[in-house]
Amino acid sequence: MKPGQLTDRPLRRGKGIRSSSSLKTLAALRRSQAKHAPPRETGFSPEVKLAVRKRAGLGDPVVALCEPCGIWLGCNRGQVRPRVELFRGGGNPVVNAVLLCGDYCSGCCSLAMARDPAVHASGWWLTSDQDPRLQPVMLHRRRGPAVWLTESAGYSPCEPGNET
Ligand SMILES: [Zn+2]
């Protein structure tokens, strides 16, 4: 055997394996992202999403909390989801939108999407015949009193129409 033959073969083999395994990895990643990724858009504008995050952080999106359970989400974690599905109506976007932790498979988002009765009782998802403006929510695992979501992206202790 010539020395050149011994060194050529492992190099070619190594190159081939490296490029094919990285291609497979990228393809697998793309497949898994397509299967598990949440929908790109929930139908809310960036302005509404920011307003909801600010509400959930009491004015500062950096300290935004999951509105149902109270875990920290900040500027990027969690999802802004509709209380009444948008295709069923939903009304004022800020009043209809809530910030939930998790995704389709975990956290408050998955509970709301699975139509969990306790999450419904707390006002975080509603049926199409319910008006989000008139349905209060229980913040942070019912640790506080019921509040109503306002059109100015805040919380109100007073039912709409009974403000003083
Ligand atoms: Zn949560």
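Several elements cover the buried residues of helix 2, including strand 1 (79-82), helix 3 (93-96), strand 2 (97-100) and strand 5. The model is predicted.

Helix 2 spans residues 46-56. Its buried residues are Ala51, Val52, Arg53, Arg55 and Ala56. Just after helix 2 comes leucine 58, with a positive phi of about 50 degrees.

Strand 1 is covered on both faces. In a regular strand, side chains alternate between the two faces of the sheet. On one side of strand 1 lie Gln79 and Arg81, on the other Val80 and Pro82, and all are buried. Strand 1 pairs with strand 2. Within that pairing, arginine 81 has valine 98 of strand 2 as its bridge partner.

The pairings are set out below.

| Strands | Sense | Bridges |
|---|---|---|
| Strand 1 and strand 2 | antiparallel | four bridges |

Alanine 146 of strand 4 stands opposite methionine 138. Tryptophan 148 has serine 156, in strand 5, as its bridge partner.

How many residues lie between strand 4 and strand 5 in their hairpin? There are five. In the turn, alanine 153 takes a positive phi of about 60 degrees.

Conventions
Residues numbered from 1 in each chain as written. Predicted model: local features only at pLDDT ≥ 70, side-chain atom pairs only at ≥ 80, totals over all residues. Pairing = 2+ DSSP bridges. Helix = DSSP H or I, 4+ residues; strand = E, 2+ residues; numbered from the N terminus. Buried ≥ 20, exposed ≤ 12 C-beta atoms within 10 Å, placed from the backbone. Contact = placed C-beta atoms within 7 Å.
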